[in-house]
Amino acid sequence: FNGTDWKNYENVAAPVVTVDFLVVAGGAGGGGFNNAGGGGAGGLRTSYGSTSGGGQSSETSLSLSLATPYDVEVGPGGAGGTNSGSGTSGVAGTNSEFNGIISSGGGSGGKYDATGGVGGSGGGGGYSNQAGGAAVTSPAIQGYAGQAGVSAAPGYIGGGAGGAGETGGGDGLQVNIDGLNNFYAGGGSGGANNQSIPGSSGGGGNGGYVDNTNPGNGTLNTGGGGGGASGGSANTGGNGGLGTVILRYPTAS
């Protein structure tokens with residue numbers, strides 16, 4: 001009652017809008033020191049298009065309320081391994097999240113005598129026949145496994161890391177959520193003795209090549225993994241790339 005009239009009030013639910021998402025975690029660093037494995041790509045989860053990371057069907061779009069805060073976190077990439085002592089493996093990427101949808105950071109690239117790490121996509125193994133890392137399966141499959149290293153002439157090659165679109169040294173996945181047909185979450189390539197191994201589509205760094213090229217870093221905002229080190233002067237692993245979170249919703253909302 002306002003002194004003159006009686007007024008009736010009721011709680012009204014906030015309008016709901018359908019939102020598509022792309023959540024990509026940070027890529028891992030490539031291994032250091034000597035023909036090391038590439039860093040795994042950050043996990044990729046999306047509701048846009050027909051395919052999500054790891055060959056899975058795309059997820060269900062979200063129904064979100066307008067004028068409502070939602071949590072978001074974009075995971076940074078992991079650092080590349082070093083050449084100190086007998087070297088170190090790369091550092092895993094960090095998870096990204098939107099409203100409880102979590103993508104897992106990429107698996108670390110193994111140094112020459114270490115396996116690749118488990119992650120959104122698995123890291124590559126070191127050249128001494130070390131196994132590649134597996135891709136996580138929970139809370140969802142988000143990428144592919146890394147490759148094993150190859151202890152054989154002439155290359156003595158570190159394993160390529162998994163990407164969102166394929167296994168070791170793997171390309172990422174093309175997602176058109178922002179209308180730009182970009183690739184995301186490519187795995188880093190392994191280091192080698194006598195050949196330069198190019199990076200993958202989706203931001204994965206190239207592998208190091210002895211006394212010629214240093215490994216490449218994963219591209220920022222794609223979740224790409226860093227390239228693995230070789231020997232010689234190219235013996236520090238590439239860094240993983242920062243992930244990304246992109247939302248798509250009707251402009252009228």
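Does Ser 189 count as buried or exposed, and at what relative accessibility? Ser 189 counts as buried because its relative accessibility is 2%; buried means under 20% relative accessible area, exposed over 50%, and partly exposed in between (1.4 Å probe, protein chains only). This is a predicted model, in which local features need pLDDT of at least 70, side-chain atom pairs count only at pLDDT 80 or more, and totals for chains, interfaces and linings use all residues. Residues are numbered from 1 along each chain as its sequence is written, and side-chain values use heavy atoms, with hydrogens and water left out.

Ser 189 lies in the loop between β8 (182–184) and β9 (244–248); strands are DSSP runs (E, at least two residues), numbered from the N terminus. Display its contacts (heavy atoms within 4.5 Å): leaving aside residues up to four places away in sequence, Ser 189 touches, among others, Gly 38, Gly 160, Pro 198 and Asn 206.

Next, select Gly 168, in the loop between β6 (101–103) and β7. Gly 168 is buried, with a relative accessible area of 12%. Its contacts beyond four places in sequence include Ala 145, Gln 147 and Gly 160.

Now turn to the largest nonpolar core, which has eleven residues, including Leu 22, Val 24, Leu 173, Val 175 and Ile 246. β1 (16–24) and β7 (173–175) each supply at least two residues of this core. A nonpolar core is a set of buried Ala, Val, Leu, Ile, Met, Phe, Trp, Tyr and Cys residues joined through side-chain atoms within 4.5 Å.

How values were computed: Helices (H or I, at least four residues) and strands (E, at least two) are DSSP runs, numbered from the N terminus.
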